[in-house]
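Please consult the sequence and the model below before reading this report.

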Amino acid sequence: MKPIELESVSKCFNGKSAVVDFSIQVEKGERVVLLGPSGCGKTTLLRMLAGLLAPDEGRIFLDGVLVAKSGRILRPPEERALGMVFQDLALWPHLSVSGNIQLGLKAHGLPGRDRALRVGELLELVEMTEYADAKPSELSGGQQQRVALARALALRPKLLLMDEPLSNLDLELNIKLRADIIRLQQATAFTLVYITHDPEEALDIGTRIVMMREGRIEQVGKEKEVREYFEKIQNRARAGS
Amino acid sequence: MTAKRTILTGIFLLVIVLGLFPILAMIAASLHADGRWTFDSYQGLLTSRREWALLRHSFVLAASVSLLTALFGVPLGILFGKTDFPMRRFFTIAFTVPLMIPPYITAIGWADFLGANGLFAKLCGEAAAGAAYNLLFGFTGCLFVLFSTFLPVVILLTMTSLKSVHPRLEDAGRLVTGWPGVLRRITVPLILPSILFGIILVFLLTIGEFGVPNFLRYDVFVLESFVQFSAFYNFGAATAAVLPLALFTVLALLIEWVFLRERFHEVQTVPEKAASPVIELGGCRTGSFVWTAVFCLTVVALPLTVLVGRSFSVSVYASALAVASDSLLRSLVYAVLGASLLSLVGFFMGYLVGRQALPFWRTADTLTIFLFALPSAVIGIGLISLWNRPLTNFIYGSSTMIIIGYLVKYAALTSRITASTLSMIPQSMEDAGELAGLGWMRRIGWIVAPMARKGLLGGWLVGYVFCLRDLETTMIIYPPGHETLPVRIMTLMANSPPERIAALCVVMACATVVPPALAWSLVSLKRGGRNHETH
Amino acid sequence: MKPIVVRYGIRPLACFFVLIAIPLTSLHCGKNSANEVIIYVSEDQVFSEPILNDFRRETGIPVKAVFDTEESKSTGVMNRLIAEKGNPQADVYWANEPIRAEVLKQKGIAAPYFSPAARDIPEKFKDPEGYWTGFSARVRVLIVRAALAEKPQSVLSYVDPLWNGRGVIANPLFGTTTVELAALFVLWGDDRAKTFMTGMKKNNVRISTSNGESADFVASGQSDFSLVDSDDAVNRMRQGKSVQMIYPDQGSGEMGCMVVPNAVLLVNGAPHPAQAKKLIDYLLSKETERKLAFADCAQVPLHPSVETPPDIRAIDRLSTIPINYAEVARKVLEIQPYLKAWLGY
């Protein structure tokens with residue numbers, strides 16, 4: 001049973017195709033990066049994986065279970081055992097760092113002591129222990145990022161989705177957090193689907209890179225394929241000018 | 001069926017049953033007379049010159065009030081919301097006072113001031129007072145009183161929408177032009193949808209207003225419904241008279257959908273920490289302060305001061321409270337209950353509309369706005385027609401009818417306030433909760449409602465003010481012996497000593513203004529304390 | 001630790017509906033209390049409420065009232081009575097003129113009741129079938145500026161060129177003004193009445209919203225005279241305004257002035273009929289008439305030999321227009337379209 005299988009998944013918005021006939025299988029523990037320019041369908045794909053959108057056509061399997069098909073979400077997001085880090089992080093401003101992390105645990109009925117233990121564990125993992133009581137507005141961008149990551153890992157998901165989580169950070173912080181993400185993934189063995197438009201970031205994080213254009217897979221691979229992909233982009237740009 | 005679908009559909013159905021069914025019953029009655037279906041009630045409407053004249057009056061008055069409030073309200077909103085103007089919080093509250101009290105009380109104050117025995121006559125002579133008094137009774141007076149009543153709508157909407165303009169956009173503009181240019185070319189165009197929405201709101205409020213035009217003797221279309229009711233007992237014709245008003249409402253909504261809906265989303269969500277740049281008035285500070293103070297004194301303070309002055313005696317207030325303290329207490333209780341229910345229903349309705357959560361969100365929005373714009377007499381008679389049955393007597397004979405009247409009439413306000421508040425909360429906040437395993441009700445209770453608490457409080461306060469000051473709806477459906485203070489003032493106006501009426505008006509104004517002012521002060525103190533702790 | 005799937009519970013839904021239901025049902029105000037009486041009142045609250053309070057004190061029967069507003073603004077009690085016809089809520093209706101009572105009789109909303117307290121009230125002020133009974137009347141009078149050397153003495157002053165532009169009359173679509181005009185239509189016939197109406201317009205009569213406003217115009221000197229109810233005139237006189245009250249058309253051979261009594265009726269299907277009859281008896285008593293005569297409303301008792309203040313003329317000292325109120329009630333509805341057109345509606 002593979003963690004993720006997409007069969008001919010397509011999605012349209014107002015008559016415009018966002019994802020077209022997308023098929024992929026992701027192995028357990030892989031770090032798959034979706035690379036592509038803005039508007040190529042990466043976020044749409046991620047939201048379909050999360051269960052926040054239904055595909056118009058095709059089927060989505062998680063751990064061998066059919067979770068969505070042709071216009072229907074068969075298994076809602078809270079039942080998919082996954083975590084997600086949003087592009088805007090979506091940290092709840094009225095809750096503290098520990099409040100943000102433990103909300104999901106509370107929803108799952110975990111008693112207070114166990115919640116406190118788990119929160120402590122996660123804060124240590126992301127090196128944010130001393131900020132447990134701080135509000136998100138009091139943190140820097142990188143710190144918020146780490147809290148968002150900790151929150152996404154709270155329920156020990158088997159699959160983690162990340163939507164351009166480092167796009168707003170400076171280069172140094174970006175590089176550092178990439179290393180943190182890889183470290184965490186290796187330590188907790190979740191499967192990662194990661195979105196970016198930065199090829200360096202993609203190469204750094206991904207074990208496999210899926211290059212997208214206009215809702216379709218253009219290429220799949222690693223360094224060599226990424227280089228070819230960007231040569232194509234450059235040629236297109238030169239031809240256009 | 002999910003909880004979300006159940007609750008949102010349930011709320012929608014509640015508004016339909018409480019609000020739409022009575023109106024449909026009235027419309028059906030207006031089309032069915034003497035045992036047959038007929039358009040007689042509507043034919044007279046379309047062929048009468050008088051009706052067209054009244055429509056013109058209503059339209060001109062509503063359009064004039066809307067434009068005038070925009071002309072003054074936008075600059076004042078910018079002055080209070082974006083500059084270092086002194087005492088801006090005080091002036092914001094002051095200008096809001098006329099909105100909080102029944103408009104006819106303001107009209108009474110002006111009539112007192114300009115009357116033969118009024119202060120104006122003592123200061124400027126009887127001739128001048130007479131001329132001014134005559135000017136008050138008619139279009140000019142209605143325009144002035146309704147302008148002063150609804151001006152705060154545009155001021156507050158402008159101030160609120162200024163907060164949603166990302167500071168970086170203005171900073172970018174200031175690199176190439178001064179503040180006047182930035183305001184003209186960047187800020188105001190960005191907040192234009194809110195301003196236009198304010199204009200539409202004022203238009204609808206004015207076109208449905210009866211008390212002021214009736215008191216100041218300016219014939220408007222809403223009067224036609226009343227005439228049909230009170231002179232002819234002709235419910236069919238009275239309902240038919242509602243049709244043009246309904247058309248105005250639909251027109252206003254169309255304008256909003258076509259021109260404004262998409263543009264509302266152009267305004268970006270501003271991070272809390274982002275400080276909005278403040279315009280320094282410099283040399284203009286004193287002049288603008290003097291002008292604003294004089295304007296405020298004229299428009300707000302004068303009529304209320306006259307009422308206070310006329311009733312300035314302990315014995316007058318004692319006798320006033322002796323006849324009306326029970327009504328005052330009832331008004332407060334009903335207003336609190338009404339506001340609470342409006343907040344609850346308005347929240348879910350606003351969620352439905354703001355998030356476009358279900359396919360019929362647009363119908364729901366139209367329905368609440370339509371009910372808001374309808375003359376209260378039609379709503380009242382419709383409610384009686386629907387609820388005055390042996391089976392529902394336990395509801396009809398109780399004050400529940402008043403609360404239902406409030407709900408039907410004012411759900412649009414709390415719904416729109418919620419929708420506007422939710423537009424500032426990114427969808428990703430709810431998505432994150434969904435992924436964390438929170439069901440919809442928990443997402444609402446643990447994430448959305450706490451984040452929207454300021455908007456919810458604002459909605460509650462707006463609901464409280466409108467419920468407390470309501471007259472026309474309550475007048476028709478209140479159970480015997482349970483009249484509210486606005487109704488009591490109205491029924492006592494005939495042949496009561498003017499000082500007593502003035503005292504009751506002042507009491508009414510205080511009851512409306514003081515609780516929200518206290519609430520605002522408490523919130524500000526709490527915020528100030530929290531800031532103090534942080535520092 | 002395996003993630004636990006969230007199951008949605010019924011509790012939040014139930015809580016929600018309870019939250020809606022609580023405010024709605026908690027306002028049930030103990031309706032259908034057996035020993036109470038519900039009255040809808042068109043007479044000004046400032047005058048009627050003390051009477052009802054006295055009834056409550058003297059009998060121990062709680063009174064719940066719905067009061068009307070000024071005539072031109074009224075969408076209140078008459079329409080409520082008509083709308084509630086299928087399931088009456090009120091027991092008694094206190095009308096401030098008998099035409100409303102007649103309209104309700106014609107719509108089947110009144111029930112007959114011959115009160116023993118009304119035995120001495122002249123028959124012309126009662127419905128012969130007992131559907132309503134008149135008491136405590138207002139008289140239609142002319143309120144005139146005291147400073148005038150020559151004062152109008154007749155309703156016909158409205159068409160006298162001497163008073164061009166100096167008269168004011170309340171909106172004829174509402175209240176006692178409609179009643180009086182309808183009475184003139186009955187008395188004179190349609191042609192003569194319409195000539196009178198046209199003449200008023202040609203004589204530039206001013207239209208006010210109510211009798212009270214008319215009285216205020218005269219009191220402030222903006223107009224010289226107006227046809228109003230006697231309580232409006234007495235009220236201004238007692239306030240010390242420079243006005244006089246003239247009973248119009250009192251000369252020999254003249255038509256007399258119009259008397260507009262209050263009227264009380266028992267509502268058909270009243271929830272508390274026994275208490276309703278007690279209240280009706282109380283309202284029709286001599287003592288009530290005496291109180292209303294001495295109150296600021298200054299209403300003329302219809303019972304003989306009831307004490308009145310000096311500024312009110314007793315009913316038997318007035319020359320009055322002979323009126324069949326039923327006929328006038330029909331005429332009121334009949335002339336509405338004409339009056340609308342006369343006003344320019």
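## Basis and confidence

This is a predicted model, in which local features need pLDDT of at least 70, side-chain atom pairs count only at pLDDT 80 or more, and totals for chains, interfaces and linings use all residues. Residues are numbered from 1 along each chain as its sequence is written, while chains are lettered from A and ligands numbered from 1 in the order in which they are written.

The model scores ipTM 0.78 and pTM 0.82. Mean pLDDT (the predictor's confidence in each residue, from 0 to 100) is 90 for chain A and 87 for chain C. In chain C, 88% of residues reach 70 or more; pLDDT stays under 50 over residues 1-10 and over residues 71-75.

## Helix pair in chain B

Helices H5 (residues 103-114) and H15 (residues 284-310) of chain B have axes that come within 8 Å and cross at roughly 75°. H5(B) and H15(B) are therefore roughly perpendicular (angles of 65 to 115 degrees). Among the residues that meet are B:Trp110 and B:Phe113 in H5(B) and B:Leu304 and B:Leu307 in H15(B); contact requires C-beta atoms, placed from the backbone, to lie within 7 Å.

## Buried face in chain C

In helix H9 (residues 273-283) of chain C, the buried residues are C:Gln275, C:Ala276, C:Leu279, C:Ile280, C:Tyr282 and C:Leu283 (buried: 20 or more other C-beta atoms within 10 Å of a residue's own). They cover an arc of only 160° around the axis, which puts them on the same side of H9(C). Their cover includes strand S5 (133-145) and helix H10 (286-294) of chain C. Among the elements of chain C, H9(C) has the highest mean pLDDT, 97.

Notes. Axes are lines fitted to C-alpha atoms, for helices over the stretch in contact, and angles run from 0 to 180 degrees between N-to-C directions. Helices (H or I, at least four residues) and strands (E, at least two) are DSSP runs, numbered from the N terminus. Angles under 35 degrees count as roughly parallel, over 145 as roughly antiparallel, 65 to 115 as roughly perpendicular and the rest as oblique. Two residues are in contact if their C-beta atoms, placed from the backbone, lie within 7 Å. A residue is buried if 20 or more other C-beta atoms lie within 10 Å of its own, exposed if 12 or fewer, and partly exposed in between; C-beta atoms are placed from the backbone. The arc is that of the directions from the helix axis to the C-beta atoms.
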